[in-house]
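I have a new structure open and my notebook beside me. These are my entries, in the order I looked things up.

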Amino acid sequence: MKVRSSVFASFILIFEVFGIALFLRGFFPVPVKSSLSSKSKLSDLPAEPLSGSSPNSSRLPQPLFKRVVIMLVDALREDFVFGPSGRMYMPYTRHVVERGSSHSFVAKARPPTVTMPRIKALTTGSIPGFIDVVMNLNSPALLEDNLIWQAKTAGKRIVFYGDDTWVRLFPKHFMEYDGTTSFFVSDYTEVDNNVTRHLDSTLKRDDWDILILHYLGLDHIGHISGPHSSLIQPKLLEMDDILKKIHSALILKEAEGSLPYLLVLCGDHGMSETGSHGGSSEPEVNTPLVLISPAFKRKGKLSSPGVVEQVDLTPTLALGLGLPISQNSVGHVIPGVLEETSLRDQLRFLHLNGHQLSCLLKDSIPNYEKEAGFEQFRVAEKAHGSWMKLYMEGNTSEVLTNMGKKVLKQYLEALAAMSSALGKQLGKYDMYSMIAGMVFVFQLLLLLLLAMPEALSGAAAVDLPVLSALLSLPFYLMCLLLASVHVLVCTSAESSCYLCSLSWGLVFAAVAFSSTMFCILVSMATRRLFPGLKIHGKVSFSGSEWSLSELDVLLLAGTIGHTLSLAASSFVEEEHQTWYFLLNTLCLAVFQDVCRKYFREKNGSGEEEEHILPSKDCRPSAHPKAEICSEKWLALATPPFTLACCRLLRSLNQTGVQWAHLPDVGHWLNSSEHKMVLSLLAAFCLVLIYLLVQRRCSWVSKVALALGLLGVYSYRAAVDNVLFPWQHSGHTMSKGTVEARFVYVFVLGILFTGTKDLLRSQIITADAKLKSRGLWEIYSGLVLLVSLLFRAHNLPVLCCCLLIQTLMAQFIWKKLHYDAAQTTIMHYWFGQAFFYFQGNSNNIATVDISVGFIGLESYVEAPAIFLTALNTYAGPLLWACHLVCYLSSERDRSPVAVGHGCYCLALLRSVPAAAYIVLVTVLRYHLFIWSVFSPKLLYESMHLLLTAGVCLFFNTMEQSHSSSKS
Amino acid sequence: MWDHEIRAMASTHAIIAASVFMATVLPAVFVRGFSVYGTHLLWLYSVSGTVTAVSVAVFWLLGITPPTKKHTLGYKLSRLFRSCLYFFLSCLFFHSVVVLYGAPLIESALETFSLAVLLTSLTTLRCLCVLGPNVQAWIRVFSRHGAMSVWDTCLQITVACTVVGAWVGAFPIPLDWDRPWQVWPVSCSLGAMIGFLTGLVASPAWIHYHRKQLTYKCK
């Protein structure tokens, strides 16, 4: 079967996407879950251990607190309260922490430090899987056993004000609630006022038991201007006032004889030095946890806060309120909170917690008996029993107290050990699915590599021996073998794996596909290795003496070197440095090529070419000499100009980890004093974008483009990023929905014109000129959309991208006769570098989610995801689209350029993706696997998916070309 | 065929390599607390100065520099002046290239410039010594198949090695190991130095083993 290389490449990429999806399913562990699907009940609680005598009561000790107020401040960083500036930011809280009856801790949040997984962690006590981040925005109701459900079942009345994620997670759980949306990140006063306005009336009333407040303003400020902004202090002072208000109201309410109250101040996650969150750096992970209650001892001396896990709050609250601990909770109770109760109650609380943890341990670890913590717990339980016996006998001696203290210590050790064993359990992988996915991807990659000589030949077609493979004996043998392996693995009942839970039909299809791939691979490999065995008339290896120029060496070495560098966590964190470095070297190499062409080969054969080239164009030039001269200087100036552009863009957005805190131009532009500069810059960039893009458009699209870009500016003015020259004051902030929709209309219009031109060129006239215009119009539609989505300070990135593309296409790629493969690799490198110029990094936190709401009144899933993905991958996409435009305009020089380009793009993308999944598998017990490697894995797979889309686009382009030719 | 020249080259390179070694060791005797990492800039200056002085002296004694057409004092002075100018310009060139590669623009300008001086004294200075301040000759030597003598080939190899060494030296910078040699510009200058020494060893060896294949066009 003969297929064109573009079809071949897109086919391979699409199947690679499936392979990677399977790998991802196996890689991201399903969270630790109890086997029972039901929820903990009061009646299930274990009896108090007592050795010897009759069964004891299974009653819970009296709850510690009557009323709990949880004040959750989004993105409250530990040093905002405990740090040196805490005294200035939150004076009252600091006073209570240092002098009052309180306990304070640094609570470590687990990555991903994003709000929804953190809320889940706080309420269920489990550690949500990494994949929860992806569902972060679309939160269905939480069905797992959790604190809120337990409280509601126990008849507690819960009041909630704040982030409406809670309302969606716990529908019908709250007696009274008011959710605020967190989508408009630029609003940081209204969201908090919406919470505080209910506070006075609620605090006066007496009809609630649990009050939860979730303040979002601080997080929004962090996203807008970082942790050192001037907005932080007033916001924290406001929070401090609220805390003071609640505290004094609670003190007033407290009556003699009844149980005390508990006031909890906590943060769901911290905030990095740039103000974002999601990763696992210290400032993102460390949150303050302050527990205030008259039940605690008043503190005399200062002490630095201890360190606990964030999930430890759940069992503590559950026990404090007299509720069963939720089943999947992996935390252990904070001992300080129990200090003031009697020794018997303390032991009872610890026993309950230990029992719950040991049950979870039994369900989630196959050989749980060997766990140290489990053993310790058994021992402690026995000792507890004998202590109880003595206690019941009325013994009150010193010995009993000491023994009790010993049991207490044993319990605490056992709890800590079990908790950490469960935490480790999260790193359990579904190896079978992972290996299957990996084998799949590698078969495809090998096929891609083996087909290289054919795919890059003049015919640009690959001969796949599908039929002979399907009819061969090895194919059936392979099928049998793989099927039996599958049965063997699935019946050996190791642990649950995704592949085994699939239906038989699907699995068999995968098995058959994999065996076909294998047979094709073998037959192609034999053909490559022994070319004499079969005679292939069509595949010609003419001109196969491969002489590599310096540029080729650089391109190859760069691609391989980059792939290898992914093995080091620092290189993944600082991947932008690799790309900038490679891109610079590429520009210098190109510069050297240009110099060589214009200086060295002046009196050689170059001269004739110079004269032929301009005359090839239809326009006869009046002053060929002068034109050549100016062209020479422009060509010479292009690489240095590109270098300078890249250097400037590099300082626009600092990304990565090590140097992310350094000040950059983007922050400078975004600060309110420099609004004027930002406005001028944005206006200038938009004008330049118009000038660069309109050259090759039809007049309809030109007008649409101009209006669209105007709309972009007015959108930015409406959301208050830039200044309007004629609108100075009295301007209220809006969402800019109307303006954004205005731009969308023009984007659609331009895309429509482009598609119409493409279709016309294909069906009616077969006109190459019309076709390249249609392609360019589609490209300009994309540019317009991206210019709407980019933040105002990022517009120079888009501008430079277009400028470099224009100059390079005009003076370098055309004039120096780079072939399709070289051009593709250069485009790919530029695309990668621009991905990071935009401010992206290999960290989930840098994805700009607010883009998903441009032009929308509320959150709608599909467009939001589409817009966010487009904005994030704007750089690579723009360069890939430019590649299509460029290669199809170069068609008269080499008719198969598009096919070659598509093949190279597929190869460039699949090599790092395939290598990376192997690396991740090898490094799966690495310390940074969740914080560094997994986000990168998600980025890689997303990029692969997008490249598959681009390759399909390539494919249609080539299709229409061949049809128009015939 | 060129055994004589190859031998001369090897001995020249040995002298230069020895001078680099001395420049690293000797200051430790005179300056307290001298070390390659700790007082990196001092080491840079000492090495660049020594390499400059020794190369100029050795190449002058060897007489490889193309013969000048005129022998007037004024012409010689102008040549000297132009050489100095080129030296300085090349420092600026290297500096700007390093900044383009991402070195901070203002913060550690002195370090960056010292690196540029080192690179210049390792590469441009040799060109100046062998080819003289003659841009046409430089372009000829550094384009494909442009070498016209053993010394040209040697120049190509050493310069390429030095530049590649400095280029490779930048790789460890993003790693989070917190080693003293990861501080800017230690790894790059060490890389350049190692590359240069490799070039000194490799070029006579390479020419020796390829002397059959090497053919030079006459001028």
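The entries below go from chain A as a whole to single residues, then on to chain B.

**Entry 1: chain A overall**

I note at the start that this is a predicted model. I looked up the secondary structure of chain A and got 39 helices and 10 strands. Chain A has 966 residues, and 57% of them count as buried. I then checked its contacts with a separation of 6 or more, and 78% of these are between residues 24 or more positions apart.

**Entry 2: domains**

How is chain A divided? I found domain 1 at 2-28 + 430-529, domain 2 at 72-304 + 321-328, domain 3 at 330-426, and domain 4 at 550-599 + 629-893. I also looked up the centres of domain 1 of chain A and domain 2 of chain A, taken over C-alpha atoms, and they are separated by 50 Å.

**Entry 3: helix 18 of chain A**

I picked out helix 18 of chain A, which covers residues 431-450 and has 20 residues. From its first C-alpha to its last it reaches 28 Å, close to the 28 Å expected at 1.5 Å a residue.

Which residues of helix 18 of chain A are buried? My list holds A:Tyr432, A:Ser433, A:Met434, A:Gly437, A:Met438, A:Phe440, A:Val441, A:Gln443, A:Leu444, A:Leu445, A:Leu447 and A:Leu448. I jotted down a reminder here: an α-helix has 3.6 residues a turn, so residues three or four places apart point the same way.

Next I asked what covers the buried residues of helix 18 of chain A. The cover includes helix 1 (5-27), helix 19, helix 21 (473-491), helix 22 (498-501), helix 23 (504-529) and helix 38 (897-922) of chain A.

One aromatic cluster is formed by A:Phe11, A:Phe15, A:Phe18, A:Phe440 and A:Phe513.

**Entry 4: rings and charges**

How many aromatic pairs are there over all chains? I get 34. I took the pair A:Phe80 and A:Tyr89 as an example: the ring centres are 5.9 Å apart and the planes are at 85°, so I wrote it down as edge-to-face. A:Phe80 is buried at 2% relative accessibility, and A:Tyr89 is buried too, with a relative accessible area of 13%.

I also checked for charges over rings. A:Arg696 lies over the face of A:Trp776, 4.2 Å from the ring centre. The charged end of A:Lys597 sits over the ring of A:Tyr598, at 5.4 Å from its centre.

**Entry 5: positive phi in chain A**

I looked up two residues with a positive phi that are not glycines. A:Ala460 has a phi near 55°, and its place is the loop between helix 19 (452-455) and strand 10 (461-463) of chain A. Is A:Ala460 buried or exposed? It counts as buried, because its relative accessibility is 1%.

A:His817 has a phi of about 55°. I found A:His817 in the loop between helix 34 (795-813) and helix 35 (820-837) of chain A. A:His817 is partly exposed, as its relative accessible area is 35%.

**Entry 6: chain B, annotated regions**

I turned to chain B and read its unreviewed UniProt entry. The annotation "transmembrane region" covers residues 12-30, 42-63, 84-106, 112-132, 153-171 and 183-207 of chain B. I looked up two of these spans in the model. Residues 12-30 of chain B are 100% helix and 0% strand, with the end C-alpha atoms 27 Å apart. Residues 84-106 of chain B are 74% helix and 0% strand, and their end C-alpha atoms lie 25 Å apart.

Why do I call helix 5 (residues 124-131) of chain B largely enclosed by the rest of the structure? Because 8 of its 8 residues are buried. Among them are B:Arg126, B:Cys127 and B:Cys129. Just after helix 5 of chain B, B:Gly132 takes a positive phi of about 80°.

B:Arg79 lies in helix 3 (residues 73-100) of chain B, and at 16% relative accessibility B:Arg79 counts as buried. The C-alpha atoms of B:Arg79 and B:Phe21 are separated by 31 Å, and the two residues are 58 residues apart along the chain.

The one from B:Trp184 to B:Pro185 is cis, with omega near -5°. B:Pro185 lies in the loop between helix 7 (150-169) and helix 8 (186-209) of chain B.

Key
Residues are numbered from 1 along each chain as its sequence is written. Chains are lettered from A and ligands numbered from 1 in the order in which they are written. This is a predicted model: local features need pLDDT of at least 70, side-chain atom pairs count only at pLDDT 80 or more; totals for chains, interfaces and linings use all residues. Side-chain values use heavy atoms; hydrogens and water are left out. Domain bounds come from an automatic or database domain assignment. UniProt positions are given in the numbering used here, feature names are shortened, and annotations may be inferred rather than shown by experiment. Helices (H or I, at least four residues) and strands (E, at least two) are DSSP runs, numbered from the N terminus. Buried means under 20% relative accessible area, exposed over 50%, partly exposed in between (1.4 Å probe, protein chains only). Rings of Phe, Tyr and Trp (its six-membered ring) pair if their centres lie within 6.5 Å; planes under 30 degrees apart count as stacked, over 60 as edge-to-face and the rest as tilted. A charge sits over a ring if NZ of Lys or CZ of Arg is within 6 Å of the ring centre and within 35 degrees of the ring normal. The expected span of a helix is 1.5 Å times one less than its number of residues. Contact means heavy atoms within 4.5 Å.
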